[in-house]
Amino acid sequence: ALFQVLPVAADVVVVGNANLPKLDAETLNKIYTGRVIQVGGVSVVPVNLKAGHKLRGQFLGELLNSDDERYIAYWTVRRYIGKGVPPRELDSSEVLNFVQSTPGALGYVDGTDVKPGMNVLLKR
């Protein structure tokens, strides 16, 4: 018999700058929806992958219980009523550098991109 190899969904791993503590899913949700702007006295700088990126869809689904359309609509309203701006969007190749070089920064990457010594805040 032939075995069919199915593509496995990536592990979404949230990584942060060295100055950030570990996070739980609820705090992460609040950071990405603009309701928490500091963790442990550190101002957080969340970054997102661009809309339509597969890992972004997985992140929004698994950790924010949302999808691109609802997430963008949510931020459109928040921005309109003056409640902040959505996280900056970066290419997947830029996330790790940005997170490591920016105090308070956090983002998510494919588990295979995590290098030893990186500050893993949350693993799904």
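User: Is N119 buried or exposed in this model?
Analyst: The model is a predicted one, and in it N119 is found in strand β7. A residue is called buried when its relative accessible area is under 20%, and the relative accessibility of N119 is 15%. On that cut-off, N119 counts as buried.

User: At what distance does the side chain of N119 reach the backbone oxygen of L20?
Analyst: Leaving out residues up to four places away in sequence, N119 touches V14, V15, G16, N17, A18, L20 and K22. For N17, the backbone oxygen lies 2.8 Å from a polar atom of the N119 side chain. For L20, the backbone oxygen is reached by the side chain of N119 at 2.8 Å.

User: How many helices and how many strands does the chain have, and in which pattern do they follow along the sequence?
Analyst: The chain is built from four helices and seven strands. Read along the sequence, these elements follow the pattern β-α-β-β-β-α-α-β-α-β-β.

User: Why can the chain be called as compact as a globular protein of its length, and what is its radius of gyration?
Analyst: Along its principal axes, the C-alpha trace spans about 60 × 35 × 25 Å. For 124 residues the globule rule gives 14 Å, and the computed value is close to this, so the chain is as compact as a globular protein of that length. The radius of gyration of the chain is 15 Å.

User: Among contacts between residues at least 6 apart in sequence, what percentage join residues at least 24 apart?
Analyst: Buried residues make up 40% of the 124 residues in the chain. As for the contacts in the chain between residues at least 6 apart in sequence, the share that joins residues at least 24 apart is 71%.

User: Which residues touch the most other members of the largest nonpolar core?
Analyst: In soluble globular proteins, nonpolar side chains tend to be buried together. Here the largest nonpolar core has 35 residues, and the elements that give two or more residues to this core are β1 (12-16), α1, β4 (45-49), α2, α3 (68-80), α4 (92-101), β6 and β7 (119-123). The members that touch the most others are V14, L28, I31, Y32, F59, L106 and Y108.

User: Are the rings of F59 and Y108 stacked or edge-to-face?
Analyst: The structure holds four aromatic pairs, and F59 and Y108, both of them buried, form one. Planes under 30 degrees apart count as stacked. Since the centres of these two rings are 3.9 Å apart and their planes stand at 5°, the pair is stacked.

User: How many residues apart in sequence are the parts that the pair of F59 and Y108 ties together?
Analyst: F59 belongs to helix α2 (residues 54-63), where the buried residues are L55, R56, Q58, F59, L60 and L63. Y108 belongs to strand β6 (residues 105-110), so the pair ties together parts whose separation in sequence is 49 residues.

User: Which residues form one aromatic cluster with Y32?
Analyst: Leaving aside neighbours within four places in sequence, Y32 has a list of contacts that includes P46, V47, F59, L64, Y71, W75, L106 and Y108. Of the residues in contact with Y32, those that form one aromatic cluster with it are F59 and Y108.

User: Are the rings of Y74 and W75 stacked or edge-to-face?
Analyst: Y74 is partly exposed, with a relative accessible area of 28%, whereas W75 is buried at 5%. The ring centres lie 5.7 Å apart with the planes at 90°, and an angle over 60 degrees counts as edge-to-face. The pair is therefore edge-to-face.

User: Which residue lies over the face of W75?
Analyst: T33, in the loop between α1 (25-32) and β2 (38-39), is buried with a relative accessible area of 9%. A polar contact of 3.1 Å joins its side chain to that of R35, and, beyond its neighbours within four places in sequence, T33 is in contact with Y74, W75 and R78. Over the face of W75, at 5.8 Å from the ring centre, lies R78.

Methods:
Residues are numbered from 1 along each chain as its sequence is written. This is a predicted model: local features need pLDDT of at least 70, side-chain atom pairs count only at pLDDT 80 or more; totals for chains, interfaces and linings use all residues. Side-chain values use heavy atoms; hydrogens and water are left out. Rings of Phe, Tyr and Trp (its six-membered ring) pair if their centres lie within 6.5 Å; planes under 30 degrees apart count as stacked, over 60 as edge-to-face and the rest as tilted. Buried means under 20% relative accessible area, exposed over 50%, partly exposed in between (1.4 Å probe, protein chains only). A charge sits over a ring if NZ of Lys or CZ of Arg is within 6 Å of the ring centre and within 35 degrees of the ring normal. A polar contact is a pair of N or O atoms within 3.5 Å; within protein, one must be able to donate a hydrogen and the other to accept it, and residues adjacent in sequence count only if both atoms are side-chain atoms. Contact means heavy atoms within 4.5 Å. A nonpolar core is a set of buried Ala, Val, Leu, Ile, Met, Phe, Trp, Tyr and Cys residues joined through side-chain atoms within 4.5 Å. The radius of gyration is taken over C-alpha atoms; the globule rule is 2.2 Å times the number of residues to the power 0.38.
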